[in-house]
Amino acid sequence: MMTLKSAYDAACGRLACRMRTEKEIRDFLETAGYETGEIAEAVSDLKNFGYIDDARFCEEYFRYAKQKAKADARIIRELSQKGITAEFARNVIEDVRVDAEAEFEDDETSAMKTAAQMLRNLTEDGKKADEKFFAKVGRRLFQLGFDSSLIYGVIGNLRRKQ
């Protein structure tokens, strides 16, 4: 048995800062030295009370990441790192898109908007787009998780718009 604090109390303290996935809570409790039975009981209680809900976590994370203009592939990769399977994440994302109708753009639209904004910022400063700028756009889109074929397409569109 651990010290004075129960696994449930420790997990609640961890959840007080932000939502977490079931895997994140399990990993935290294991690292803190709680026994398997205590962890299972704490996680079960937290799920029953609605404090851990991986589907809700996926939805909220997707909404947050889309505000940051991240690509779906990057969002799914980040959710996988938090213990959500890629298939589960894709299903939740699809459900959110259906429920939200036109609220979330597809990757191509999002990438084009990001690149167009970068071009507007450049031209507002009185500068012209050059190869260095297009490389910067490519790096930014890559950081956001867009695939290379989409990035090349977006840069091609930007070049034609000049």
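At 12% relative accessibility, Lys66 counts as buried (under 20% relative accessible area, with over 50% exposed and partly exposed in between, using a 1.4 Å probe and protein chains only). You're looking at a predicted model, where local features need pLDDT of at least 70, side-chain atom pairs count only at pLDDT 80 or more, and totals for chains, interfaces and linings use all residues. Residues are numbered from 1 along each chain as its sequence is written, and side-chain values use heavy atoms, with hydrogens and water left out.

Stay on Lys66 and show what it touches. Leaving aside neighbours within four places in sequence, Lys66 is in contact (heavy atoms within 4.5 Å) with Ala71, Asp72, Ile75, Arg97, Phe104, Glu105 and Asp107.

Next, select helix α4, residues 54-67, where Lys66 lies. Helices here are DSSP runs of H or I, at least four residues, numbered from the N terminus. The axes are lines fitted to C-alpha atoms over the stretch in contact, and angles run from 0 to 180 degrees between N-to-C directions. On the α4 side, the contact is made by Phe57, Cys58, Tyr61, Phe62, Ala65 and Lys66; on α5, pick Asp72, Ile75, Glu78 and Leu79.

Now jump to α7, residues 107-124, which has 18 residues and reaches 26 Å from its first C-alpha to its last. Colour its buried residues, among them Met112, Met118, Leu119 and Leu122. What covers the buried residues of α7 includes α8 (131-143) and α9 (148-161). Finish at Gly126, which follows α7 and has a positive phi, near 80 degrees.

Conventions: Helix = DSSP H or I, 4+ residues; strand = E, 2+ residues; numbered from the N terminus. Expected span 1.5 Å × (residues − 1).
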